[in-house]
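Hi there,

Here is the structure I promised to pass along.

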Amino acid sequence: MSASSQPESRPMKWESNGELAHHDLSELVSRLLDVESTNHTNELSRLGTKYEDSD
């Protein structure tokens, strides 16, 4: 992977309740879905919809 194709590195933001900020959680899940095996996609998808269910 070339340096220009690597994602920008920045610190993740955490909410006061100790959970990862919604945008950072969505981005993390999206990146993990790209590299994880299909065995983990259901759980990652569930995690990615956590905030959608609570809105």
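This is a predicted model: local features need pLDDT of at least 70, side-chain atom pairs count only at pLDDT 80 or more; totals for chains, interfaces and linings use all residues.

The protein chain has 3 helices and 0 strands, giving the pattern α-α-α along the sequence. Of its 55 residues, 15% are buried. The accessible surface is about 4,600 Å², with 51% of that belonging to carbon and sulfur atoms.

In one of them, the side chains of Arg10 and Asp24 meet at 2.6 Å, N to O. Arg10 sits in the segment before H1 and Asp24 in helix H1, so this pair ties together parts 14 residues apart in sequence. Asp24 is buried, at 5% relative accessible area, whereas Arg10 is partly exposed at 35%.

Glu27 and Arg31 form another salt bridge, at 2.8 Å, N to O. These two are 4 residues apart in helix H1, about one helical turn.

In helix H2 (residues 41–48), Glu43 and Arg46 lie 3 residues apart, and their side chains meet in a salt bridge of 2.6 Å, N to O. Glu43 is partly exposed at 45% relative accessibility, and so is Arg46 at 49%. As for shared partners, salt bridges join Arg10, Asp24, Glu27 and Arg31 into one network.

Finally, Met12, Trp14 and Leu28 make a nonpolar surface patch of about 310 Å². Met12 comes from the segment before helix H1 (22–35) and is partly exposed, at 39% relative accessibility.

Best wishes

Key: Residues are numbered from 1 along each chain as its sequence is written. Side-chain values use heavy atoms; hydrogens and water are left out. Patches are made of residues with over 30% relative accessible area and no salt bridge: like charges are joined within 9 Å, nonpolar side chains (Val, Leu, Ile, Met, Phe, Trp, Tyr) within 5 Å. Accessible areas come from the Shrake-Rupley method with a 1.4 Å probe; for residues, only the protein chains shown count as cover. A salt bridge is a side-chain nitrogen of Lys or Arg within 4 Å of a carboxyl oxygen of Asp or Glu. Buried means under 20% relative accessible area, exposed over 50%, partly exposed in between (1.4 Å probe, protein chains only).
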